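Here is a short tour of a protein model, written for someone who likes to follow along in a viewer. Keep the sequence and the structure open as you read.

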Amino acid sequence: MKRVMVVDDKSSVLNALKRSLRREGWELQTFADPVVALIYANREPVDLVISDYRMPQMDGVTFLKEMRAIQPDAFRIVLSGQADMAGVLKAVNQAEIYRFITKPWDDMELRITIEQALNHRDLLLENRQLADVVRQQQRQINYQTTELERLEGDSPGITQVNWGPDGSIILSEDDY
């Protein structure tokens with residue numbers, strides 16, 4: 001089950017988001033205090049975090065930058081009633097957010113955005129895992145290639161095989 005964290009200093013916004021997202025099958029964790037949310041994030045993995053942009057304890061960009069430091073793989077979304085361009089750019093550049101959503105939000109658009117973010121995150125993590133497998137396989141191939149070159153250097157021709165059309169190995173009389 002995907003874990004989605006929502007941080008907003010207004011309980012009415014948190015309640016509205018809970019109502020909007022309750023049937024989606026995500027584990028929803030809500031916090032009115034970003035400091036408490038960061039403490040939670042130090043203990044529990046989070047797949048996606050949605051944060052208000054303007055909060056009295058800590059602004060959303062600062063909070064999301066700290067979240068990125070704690071959980072770099074968690075995707076980040078800013079939810080804000082103040083859609084000033086400077087704030088958007090700051091969020092994108094400093095907190096590396098996935099999206100910036102304005103208040104009031106459209107419930108369907110929000111759900112779709114969250115689903116897309118979670119799917120995108122899954123793809124990135126899978127790509128990273130596959131890249132690790134490819135790097136490991138490449139190291140094994142490099143080792144085997146080096147070993148074949150060493151064997152060929154010690155005993156020229158040892159790595160050459162004369163294959164028959166049926167897949168058998170053809171031995172010449174010189175091999176006896």
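Axes here are lines fitted to C-alpha atoms, for helices over the stretch in contact, and angles run from 0 to 180 degrees between N-to-C directions. On the H1 side, the contact (heavy atoms within 4.5 Å) is made by Leu17, Ser20 and Leu21. H5 supplies Asp107, Leu110, Arg111 and Ile114. By class, this contact has four nonpolar, one polar and two charged residues. For these classes, Ala, Val, Leu, Ile, Met, Phe, Trp, Tyr, Cys and Pro count as nonpolar, Asp, Glu, Lys and Arg as charged, and the others, Gly among them, as polar.

A few notes on reading the model: this is a predicted model, in which local features need pLDDT of at least 70, side-chain atom pairs count only at pLDDT 80 or more, and totals for chains, interfaces and linings use all residues. Residues are numbered from 1 along each chain as its sequence is written, and side-chain values use heavy atoms, with hydrogens and water left out. Helices (H or I, at least four residues) and strands (E, at least two) are DSSP runs, numbered from the N terminus.

How do H2 and H3 lie relative to each other? H2 and H3 are roughly parallel: helix H2 (residues 34-43) and helix H3 (residues 60-70) pack at an angle of about 10 degrees, with their axes 10 Å apart. Pro34, Ala37, Leu38, Ala41 and Asn42 of H2 meet Phe63, Glu66, Met67 and Ile70 of H3. The contact of H2 with H3 has seven nonpolar, one polar and one charged residues by class.

Phe63 lies in helix H3 and is buried, with a relative accessible area of 0%. Buried means under 20% relative accessible area, exposed over 50% and partly exposed in between (1.4 Å probe, protein chains only). Leaving aside residues up to four places away in sequence, Phe63 touches Met5, Val7, Pro34, Ala37, Leu38, Val49, Ser51, Met55 and Met58. The C-alpha atoms of Phe63 and Ser51 are separated by 7.9 Å, and these residues are twelve apart along the chain.

**The sheet**

Five strands form an open sheet in the order E2-E1-E3-E4-E5, with parallel pairing. Strand E2 (27-31) and E5 stand at the edges with a single partner strand each, so one side of each is left without a neighbour in the sheet. Neighbouring strands are turned by 20 degrees against each other on average, direction ignored. Two strands pair if DSSP finds at least two bridges between them. The pairings are listed here, each with one opposing residue pair.

| Strands | Bridges | Residues opposite each other |
|---|---|---|
| E1 and E2 | five | Val6 and Thr30 |
| E1 and E3 | four | Val6 and Ile50 |
| E3 and E4 | five | Ile50 and Ile77 |
| E4 and E5 | four | Val78 and Phe100 |

Helices also rest on this sheet. H1 lies across E1, E2 and E4, running at about 175 degrees to E2. H2 touches E1 and E2, and its direction makes about 160 degrees with that of E1.

**Two covered strands**

In a regular strand the side chains alternate between the two faces of the sheet. Strand E3 (residues 48-52) has five of its five residues buried: Leu48, Ile50 and Asp52 on one side, Val49 and Ser51 on the other. Six of the six residues of E4 are buried, so E4 is largely enclosed by the rest of the structure. Phe75, Ile77 and Leu79 point one way from E4, while Arg76, Val78 and Ser80 point the other way. Arg76 is also the bridge partner of Val49.

E3, H3 and E4 make a right-handed β-α-β unit. Right-handed means that, with the strands pointing away from the viewer, the path from the first strand over the helix to the second runs clockwise.

Most peptide bonds are trans. Lys103 and Pro104, however, are joined by a cis peptide bond, with omega about -5 degrees. Pro104 is found in the loop between strand E5 (99-102) and helix H5 (107-154).

Notes
Parallel < 35°, antiparallel > 145°, perpendicular 65-115°, else oblique.
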